[in-house]
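Please read these notes with the model open beside you. They go point by point.

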Amino acid sequence: MLLESQYYPEWGAPGQRPAATALPRWSVLIPFFNERDFLDGTLASLAAQDVPFELILIDNGSTDGSGAVAAATCRRLGLAFTLLVERRPGKVNALQTGVQRARTRFVATCDADTLYPVDYLRQAARLLETGAVAGGAYFVTPTATEQDHVEAAKRMARAARLFPAQCHTGGAGQVFRTDVLRRAGQFDALRWGYVLEDHEIMHRMAKFGRLAYGEGLWCAPSPRPRDRESIRWTLAERILYHATPEPARDWFFYHFLARRLAARRLSSDRIRERHFYAEPDCAVMLQKAA
């Protein structure tokens, strides 16, 4: 399917560095579908980052005006951005389009309903500069206490010690060396067009080097209810994932798990079928946009 793209480079926005300055080290990718109620908070948290970055927004065919909301928010915040439209449904396709556009040394995949601390990219760079090819953040709630952070970081560290070549975080908190991500085949629905793309991509990245998880890297996904538990893998599948030795993990993903997800029709686009997408409260959305 042909890609429909719309580019809105805002490098000359008030308060931003001029177009002639050196390219930043980071590209931040935000794929989204009907996320107008959450984009404002996410973009505000990214606008406060203490290192420069290239922001790439990928609208995956939203029907609620999310693309226009994202662009308006970026302009209001003085945040340089590029907005792409990817009509092929599914997060994998949106991420593929974003990576193709990225021009920087590092890539961070972020979710449109997640808040990021001001030093998120700086902490991520520390992980990747140690020689790791990819890394991940631990998740906490937006109201997490200091003790909550300590416990979440410890859980992440324990898991990483036990299973160093596995994924221990979701796509909202993953970071990559761009060159290695492309060598690994990046996100590609022809290779993996199912849910759990965050685990599958880390499996491929681990073939090229070390995965890193640091206690200083965290983010806060929205606590909104998730009403499609069926898009997740089963307990038995998760146990087998951890039990499968690294040399056999290709078999686990591309023969065992892929066939099971296909049988359950859990392609990448199915994650968009949520209650809060199916029945939007138009009056509320219009009021918030006013």
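1. Basis. This is a predicted model, in which local features need pLDDT of at least 70, side-chain atom pairs count only at pLDDT 80 or more, and totals for chains, interfaces and linings use all residues. Residues are numbered from 1 along each chain as its sequence is written, and side-chain values use heavy atoms, with hydrogens and water left out.

2. Overall make-up. The chain has 11 helices and eight strands. Both are DSSP runs numbered from the N terminus: helices are H or I with at least four residues, strands are E with at least two. Of the 290 residues, 53% are buried. Buried means under 20% relative accessible area, exposed means over 50%, and partly exposed lies in between, with a 1.4 Å probe and protein chains only. Take the contacts with a separation of 6 or more: 83% of them join residues 24 or more positions apart. A contact means heavy atoms within 4.5 Å.

3. Eight strands form an open sheet with mixed pairing, in the order 3-2-1-4-7-6-8-5. Strands pair if DSSP finds at least two bridges between them. Which strands stand at the edges? They are strand 3 (82-85) and strand 5 (114-115); each has a single partner strand, so one side of each is left without a neighbour in the sheet.

4. Strand 2 (residues 54-59) pairs with strand 3 in the parallel sense, over four bridges. Leu57 stands opposite Leu83. Ile58 stands opposite Leu84. From strand 3, Thr82 and Leu84 point one way, while Leu83 and Val85 point the other way. All four of these residues are buried.

5. Helices on the sheet. Helix 2 (residues 66-77) lies across strand 1 (26-32), strand 2 and strand 3. Helix 2 runs at about 160 degrees to strand 2. Helix 7 (residues 197-205) also packs on the sheet, where it touches strand 6 (134-139), strand 7 (174-177) and strand 8 (211-221). The direction of helix 7 makes about 30 degrees with that of strand 7. Axes here are lines fitted to C-alpha atoms, for helices over the stretch in contact, and angles run from 0 to 180 degrees between N-to-C directions.

6. Helix 8 against helix 9. Helix 8 (residues 235-243) packs on helix 9 (residues 249-263) at an angle of about 170 degrees, with axes 10 Å apart. That makes the two helices roughly antiparallel. Angles over 145 degrees count as roughly antiparallel, under 35 as roughly parallel, 65 to 115 as roughly perpendicular and the rest as oblique. Helix 8 brings Glu237, Leu240 and Tyr241 to the contact. Helix 9 brings Arg249, Trp251, Phe252, Phe253, Phe256, Leu257 and Arg260. By class, the contact has seven nonpolar, no polar and three charged residues. Nonpolar covers Ala, Val, Leu, Ile, Met, Phe, Trp, Tyr, Cys and Pro; charged covers Asp, Glu, Lys and Arg; the others, Gly among them, are polar.

7. Aromatic pairs. Rings of Phe, Tyr and Trp (its six-membered ring) pair if their centres lie within 6.5 Å; planes under 30 degrees apart count as stacked, over 60 as edge-to-face and the rest as tilted. By this rule there are 13 aromatic pairs. One of them is Tyr116 with Tyr120: edge-to-face, 4.8 Å centre to centre, with 65 degrees between the planes. Tyr116 is buried at 5% relative accessibility, and Tyr120 is buried at 1%. Phe253 and Tyr254 have ring centres 6.2 Å apart and planes at 40 degrees, so that pair is tilted. Phe253 is buried at 0%, whereas Tyr254 is partly exposed at 25%.

8. Ring cluster. Ring pairs link Trp192, Tyr194, Trp233, Tyr241, Trp251, Phe252, Phe253, Tyr254 and Phe256 into a cluster.

9. Ser27. This residue is in strand 1. Is Ser27 buried or exposed? Ser27 counts as buried, at 0% relative accessibility. Leaving aside neighbours within four places in sequence, Ser27 is in contact with Glu54, Ile56, Ala102, Arg103, Thr104, Phe106, Val107 and Ala108.

10. Positive phi. Gln186 is not a glycine, yet has a positive phi of about 40 degrees. Gln186 lies in the loop between helix 6 (178-183) and helix 7 and is buried at 9% relative accessibility. Leu196 has a positive phi near 65 degrees. Leu196 is placed in the loop between helix 6 and helix 7 and is buried at 12%.
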